[in-house]
Amino acid sequence: MSTEIPYKIYLEESEMPKQWYNVRANMKKKPAPLLNPETKQPVTAEELETVFCKELVKQELDDTTPYIDIPQEILSFYQMYRPSPLVRAYCLEKKLGTPAKIYYKFEGNNTSGSHKLNSAIAQAYYAKQQGLKGVTTETGAGQWGTALSMACAYLDLDCQVYMVKVSYEQKPFRREVMRTYGANVTPSPSTKTAVGRKILEKFPNTNGSLGCAISEAVEAATTQEGYRYVLGSVLSQVLLHQSVIGLETKTAMDKYNIHPDIIIGCAGGGSNLGGLISPFMGEKLRGEADYRFIAVEPASCPSFTRGVYAYDFCDTGMVCPLQKMYTLGSGFMPAPNHAGGLRYHGMSAVLSELYDQGLMEAVTVEQTSVFNAAEQFARIEGILPAPESSHAIKIAIDEALRCKETGEEKTILFGLTGTGYFDMYAYEKFNDGKMSDYIPTDEELQKSIDALPKV
């Protein structure tokens, strides 16, 4: 076994990024602007500031500044758990018998258990700087809600979380971690909000969705003085904050003269994938290097592979701005699969535009195959991965086995976005043979796609 590359590559604190990278600055064709759903005109900063923090609105609308300074207080918080390790999966390579070299960037080494903390602390910081009382948000698997509750506790902000009902029931311990950090957690859809009551009236037996929870959180923010809404994925500002993942990864790889051929990430709203690929995609956009990017999504919620590229509401209650993205329709109710963080009807506007330009690929996988890969990885590499992350693991293994067939010595990089220690209900279902695969029919998808707003 080669010892030239260590198992884990850690950066020195001095090598940590001091700026976030905005990949939009290098995109010749920018993502389409957010639209006011009533006027169908691009939303103004003033309109967005009724929902989001002022500084975050500025970041959301900035598609020309390539690098944005990270405030010192956020950098100090990052240093509690960053830099995160880049790991060479020697054991997995050996077990697979592949000539491929496999690396993963591990983002689960903090109490929230995932990459979500990178943006949570940034958004909470700007809320605190604005003098707000608190923030509201949604969460699927609970990792974003956990991360935000941690950040709010650190900065003494109130945190109100609307958690997708099926995840609220499947992941009670994730819910309790949020409460331990002081968050108020409500299963969504709920009777607390007008939009929640409306959704329950239309879908009385619904398991909920991220789109439902977003609607409730936005209403809660806009009806309480001193509150703003924050989002854990999809928005350009979130991909900006998550660029620390890719920047650290690229610095570590450059340090050892490693060039990844294939870069893989799971995709729900797009935050971790966008964060991981941003600096590499920047090189591709500038013509400096080439990479193959693969987005992996669940077959039960295939926004990229079976959605349409169109303007749509970001939420089920249709109260948010319209975003041009790959979408299944805001009214699409995903099956209650166990990768709660990937149960969103649309995809980041940035990633959608890159995908539409053919600069990245997308594939779908069924959840039983995902959990098979997750258990294989846990037994070989010693980390119990989150169901979301395991989508990337599945395709990384597939690509490594393809290299075994062809004899190609490719370098594969994937994002291990978090741990699965609060997902044992899902692992239990898989181990007991009670997990099923659900793939929506064309008719189901067409029904929600037909209801897209006319723009």
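How much space lies in the largest pocket? The largest pocket holds about 570 Å³. A pocket is an open set of points on a 1 Å grid over the protein atoms alone, where a 1.4 Å probe fits and protein lies on both sides within 12 Å along at least five of seven lines. Points are joined across faces, edges and corners, and the volume is the space filled by probe spheres set on them. The model is predicted: local features need pLDDT of at least 70, side-chain atom pairs count only at pLDDT 80 or more, and totals for chains, interfaces and linings use all residues. Residues are numbered from 1 along each chain as its sequence is written, and side-chain values use heavy atoms, without hydrogens and water.

The largest pocket is lined by 21 residues (lining: an atom within 4 Å of a point). Closest to its centre are Lys 202, Phe 203, Gly 331, Phe 332 and Met 333. Two or more lining residues come from each of α9 (194-202) and α18 (442-449). Helices are DSSP runs of H or I, at least four residues, numbered from the N terminus. α9 gives the most, with four residues. The lining comprises eleven nonpolar, six polar and four charged residues (nonpolar: Ala, Val, Leu, Ile, Met, Phe, Trp, Tyr, Cys, Pro; charged: Asp, Glu, Lys, Arg; polar: the others, Gly among them).

The second largest pocket contains about 310 Å³ of space. Its lining has 17 residues, with Pro 37, Val 51, Val 319, Cys 320 and Pro 321 nearest the centre. α1 (45-48) and α10 (210-222) each supply at least two. The largest share, four residues, belongs to α10. Ten of the lining residues are nonpolar, four polar and three charged.
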